[in-house]
Amino acid sequence: ADVEVQPYAFTTKSLFVGHMFYKYLPWQVVDTPGILDHSLEERNTIEMQAITALAHLRAAVLYLMDGSEQCGHSFAEQLALFQSLRPLFARKPLIVLLNKIDVVKPDDLAPEYKAELEKLVASGVPVLPISTLTEEGLAEAKTEACDRLLEQRVEAKLRGKNSSRIIDRLHLAMPQPRDQKVRPPCIPQEALEKRQAMVGERRRTLRDEEVEGGEDWSLDLKREYQLRDNTQRYDIVPEIMYGKNVADFIDEDIAKRLDELEEEEGQ
């Protein structure tokens, strides 16, 4: 999504939709405009777009808070706004993201704010510290939101009408021992000897060579060439121009001839 980013509040004035992949599945991410803490009748069209999207989309909701209060609203005002909007997210995975931990760490918050965050965690709402500047915690927030939404979708499908018909077709067989005889796994002797020979050995990788070589190391691709004659791996590859090999027109004694020509001109 092509989202405008500016150092002032209320930059987002409409819904922006982006895409990403998680666990080989495509996901949509919606960036909604900011919302102020006032009654529903006083909200403008931009705020109503965000509220409508949050209320009707089957999605996980990530509520972004500014712990540094640089957004112009106190921490208490942000918590009050969250509590006023929380009924809209009753049946949705809800996560609170505490942003700007590069400015204010969660441990540096006031004791009353820490207590409020602990209440949220106790009520089942995870609070994840992140920093969009340093990207700290963003991967964890993405994983938490996607896993919670995916788990909710799976549970909803299991409660559906088609799930019972699918489950009836499945049969889980649990084998029972037929006697007291021990039947250990049968591994060929050659495989056991090969396994024992490999104990303590470790395959040397290109990464090992890179670490040993340091800054002077360079990747040698030619040594992996598969040719009929491996001694030709480092042969010079012919340069063809106009259908002819350039090497055929190179005089090996060109340097000697130039020296002789310069001596002749000097006389």
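The structure discussed here is a predicted model. S68 lies in the loop that connects β3 with α2 (75–85).

Setting aside residues up to four places away in sequence, S68 touches K100, V103 and V104.

## Helix α1

Helix α1 comprises 12 residues, 45–56. The distance from its first C-alpha to its last is 16 Å, close to the 16 Å expected at 1.5 Å a residue. Within α1, the buried residues are E47, A50, I51, A53 and L54. They lie on the same side of α1 because the arc they cover around the axis is only 160 degrees.

The strand β3 (61–66) is included in what covers these buried residues of α1. On the face of α1 turned away from the buried side are the exposed residues T45 and H56.

## Salt bridges

Across the whole structure, a search finds nine salt bridges. One of the salt bridges joins R183 to D179, with the closest N and O atoms 3.0 Å apart. R183 counts as partly exposed, at 47% relative accessibility, and D179 is likewise partly exposed, with a relative accessible area of 35%.

A salt bridge also links the side chains of R207 and E210, at 3.4 Å from N to O. R207 and E210 are separated by about one helical turn, because they stand three residues apart in helix α7 (residues 206–213). In an α-helix there are 3.6 residues a turn, so residues three or four places apart point the same way. R207 counts as exposed at 52% relative accessibility, whereas E210 is partly exposed with a relative accessible area of 33%.

## A network around R223

R223 forms a salt bridge with E224, in which the closest N and O atoms are 3.6 Å apart. Salt bridges with shared partners join E209, R223 and E224 into one network. Which class of exposure does E224 fall into? E224 is exposed, because its relative accessible area is 55%, over the 50% cut-off. R223, with a relative accessible area of 29%, is partly exposed.

Technical notes: Residues numbered from 1 in each chain as written. Predicted model: local features only at pLDDT ≥ 70, side-chain atom pairs only at ≥ 80, totals over all residues. Heavy atoms only, no water. Helix = DSSP H or I, 4+ residues; strand = E, 2+ residues; numbered from the N terminus. Expected span 1.5 Å × (residues − 1). Buried < 20%, exposed > 50% of the residue type's maximum accessible area, 1.4 Å probe, protein only. Arc of directions from axis to C-beta. Contact = heavy atoms within 4.5 Å. Salt bridge = Lys/Arg side-chain N within 4 Å of Asp/Glu carboxyl O.
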